[in-house]
Amino acid sequence: MTGPRTLVGLGVSPGIAIGSTVVVENRPLPVMRVQIPEEQVDNELARLQDACGRASEHLGRLAGEATARVGHEYGSIFEAHRLMLEDPTLLDEVKRVIRKERVNAEWALEEVIRKLLTQFNKLSDVYLRERQTDLLDVAAQLQRELQGRATPRIESDGAPAVLIADDIPPSQAIQLSAGMICGFASETGGTTSHTTIIAKSLGIPAVVGVHNLIDVAGRASTVIIDGFEGHVIVDPDPALLQVYRLRAEEHRLRQQDLLGVVSLPAVTQDGRRVRLMANIDLVHELAAARTGGAEGIGLFRSEFLFLEASPNLPDEDQQAAAYSKLLEAFPDRPVTVRTFDLGGKKLARELLGSPEANPVLGLRGVRLCLQKPDFFRTQLRALLRAAGQTGGQLRIMVPLVGNVEEIRTVRVLLDRLAVELAAEGHSVPPRVAVGAMIEVPAAAMIAEHIAKQADFFAIGTNDLTQYTLAVDRANEQVADLYRPFHPAVLRLLERIISTGRAARIPVSLCGEMAADPLAVPILVGLGLEEFSMHAPALPVIRSLIRALSYRDAHRIATRALSLSTAKAVEEYLLEQLSGLLAHLKVRIRL
Ligand code: PEP
Ligand code: MG
């Protein structure tokens with residue numbers, strides 16, 4: 001008899017989740033070519049048809065559930081996949097290969113997909129290339145059914161369930177928003193990988209980078225995810241279960257308590273006012289942003305519109321409608337929309353360009369947009385139209401700026417498009433703020449030049465840390481080297497904030513560091529006036545700011561910046577803050 005087992009990973013989203021397991025294995029199994037005798041061909045065809053039926057049924061169910069829980073735009077993703085699966089073009093071709101070559105269905109499917117992908121890659125039309133990802137998704141589902149593996153389902157039978165996965169790409173993590181999963185653990189991932197960010201936005205406890213997770217926890221009947229400690233407890237005994245139930249309840253009550261401060265201003269004891277805003281990936285997170293007391297949107301990751309519109313590209317009207325929703329939700333507050341940050345390891349890597357050897361240093365963010373002027377133009381027009389229609393305080397934020405020309409070019413494009421839209425009879429705002437994300441060390445080093453072209457800075461510490469330290473933010477193998485408190489990162493932060501202040505432009509910080517209680521005194525002490533974070537973190541950070549004085553924060557920041565290692569900085573901050581954190585009942589783990 002085996003007792004409970006505890007697996008250790010990185011706790012990336014705080015909280016405790018207890019539930020049965022939903023297992024998702026995304027790693028594909030190798031496909032072998034098996035020659036079959038003529039008399040088995042019909043069997044193979046029937047096997048293919050059955051697998052297709054099962055996959056289609058599954059997608060139909062997902063579409064229904066997602067529509068019922070979170071709205072049609074999510075349901076339609078699965079519905080579109082189901083239609084693709086039922087489209088005879090794909091299946092007929094696979095059947096033809098089975099008959100002609102007398103091979104197993106798995107191999108025939110692989111062969112057909114390989115051929116289709118070669119054709120897709122030759123297309124210059126972005127819309128058609130967009131369908132490539134959907135085709136791959138659909139083919140993977142069918143392949144799984146053929147191999148007798150359950151299609152990964154992010155759904156539960158209504159009881160709380162925790163998701164156990166080898167790897168979850170952001171395109172699948174979006175399904176977490178359907179509200180069926182109360183916690184999540186994965187073998188891959190890092191503190192700022194995009195799936196982690198989605199889990200945090202949704203307030204779902206999460207642990208990533210857990211070795212052997214599927215082998216050990218895949219068949220468990222109950223699993224506890226402890227997002228504070230980074231533990232995954234497999235098949236706990238009743239006593240342990242009770243302890244965690246109490247902890248979960250304590251956390252829930254604490255969160256409720258914290259909501260009591262949402263209407264109070266984020267002001268330090270000695271009167272320094274800070275603006276707290278929300279990061280949003282999906283439009284439907286707006287409600288959580290308002291509940292958390294956000295004073296505007298500091299980062300809307302517009303690339304997620306791609307997933308919502310899948311398999312189509314979001315057109316100008318769809319985009320304008322989404323941006324208008326944001327602006328209407330915060331009518332007299334800044335609403336910062338980041339232009340598409342696609343590429344790198346992010347969404348649509350495979351559809352917007354040919355594969356790159358080193359995508360994180362490749363065609364990503366503003367670089368990609370400037371290379372696809374038609375595609376970028378649609379977004380900029382939609383943004384200007386939304387600002388004109390709503391009269392809201394739109395801020396357009398440009399990701400991955402590495403030089404002055406990039407931000408200048410975006411400004412020129414916007415000015416031209418404003419003239420074009422006005423000539424078409426649209427109302428356009430006299431001027432929209434255009435800001436640079438400072439997340440590439442080069443941009444930090446020439447911040448004073450960029451400040452001349454930008455109306456604001458937004459510091460992206462997730463990427464700034466990655467690029468400064470040369471540590472992949474999503475790779476669990478180097479997760480212990482990914483340290484936002486590394487003195488090199490802190491020096492860049494100091495430089496960016498002071499340069500922005502000297503240039504008299506607003507500086508905000510929208511990386512995950514903004515939501516880290518330990519970072520608060522450093523950031524306040526360096527003079528940061530705008531923080532933007534996933535909504536569930538807003539109450540804790542607000543409470544902390546209200547409990548600090550700027551004078552102390554400044555002293556702490558000055559001392560932290562003189563230390564030589566990330567560890568020394570973290571320990572110093574913990575020592576300085578431990579009393580306050582205990583008083584506020586905020587749990588921190590180094
Ligand atoms: C960042 O890099 O800090 C950031 C906010 O953007 P993203 O996490 O989407 O790259
Ligand atoms: Mg970034």
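The buried residues of helix α19 pack against α7 (194–201), β10 (297–301), α17, β14 (456–459), α20 (487–502) and β15 (507–509). Contact here means heavy atoms within 4.5 Å, and buried means under 20% relative accessible area, with exposed over 50% and partly exposed in between, using a 1.4 Å probe and protein chains only. Helices (H or I, at least four residues) and strands (E, at least two) are DSSP runs, numbered from the N terminus.

A word on the source. This is a predicted model, in which local features need pLDDT of at least 70 and side-chain atom pairs count only at pLDDT 80 or more, while totals for chains, interfaces and linings use all residues. Residues are numbered from 1 along each chain as its sequence is written, chains are lettered from A and ligands numbered from 1 in the order in which they are written, and side-chain values use heavy atoms, leaving out hydrogens and water.

Back to α19. Eight of its nine residues are buried: T461, N462, D463, L464, T465, Q466, Y467 and L469. Just after the helix, A470 has a positive phi of about 55°.

Next, the metal. Which residues coordinate the magnesium ion, ligand 2? They are E439, through OE, and D463, through OD, at 2.0 to 2.2 Å. E439 sits in the loop between β13 (433–438) and α17 (441–445), and D463 in α19 (residues 461–469), so to speak distant parts of the chain, 24 residues apart. Donors are N, O and S atoms within 2.8 Å of the metal (3.2 Å for Na, K and Ca); water is not among the atoms, so the site may look incomplete. E439 is buried, at 2% relative accessibility, and D463 is buried too, with a relative accessible area of 2%.

Now ligand 1. There are 16 residues around this ligand, and R301, R338, G460, N462 and R473 come nearest; near means a heavy atom within 4 Å. For polar contacts, the cut-off is a pair of N or O atoms within 3.5 Å. A polar side-chain atom of R338 is 2.8 Å from an oxygen atom of ligand 1. N462 reaches a ligand oxygen with a polar backbone atom, at 2.7 Å. D463, already named at the magnesium ion, has a polar side-chain atom 2.9 Å from an oxygen atom of ligand 1. Taken alone, ligand 1 exposes 290 Å², and the protein buries 100% of that, by the Shrake-Rupley method with a 1.4 Å probe.

Last, the cysteines. A search of the whole structure finds zero disulfides, a disulfide being a pair of cysteine sulfur atoms within 2.5 Å. C182 is partly exposed at 25% relative accessibility, whereas C510 is buried at 2%.

Notes: A polar contact is a pair of N or O atoms within 3.5 Å; within protein, one must be able to donate a hydrogen and the other to accept it, and residues adjacent in sequence count only if both atoms are side-chain atoms.
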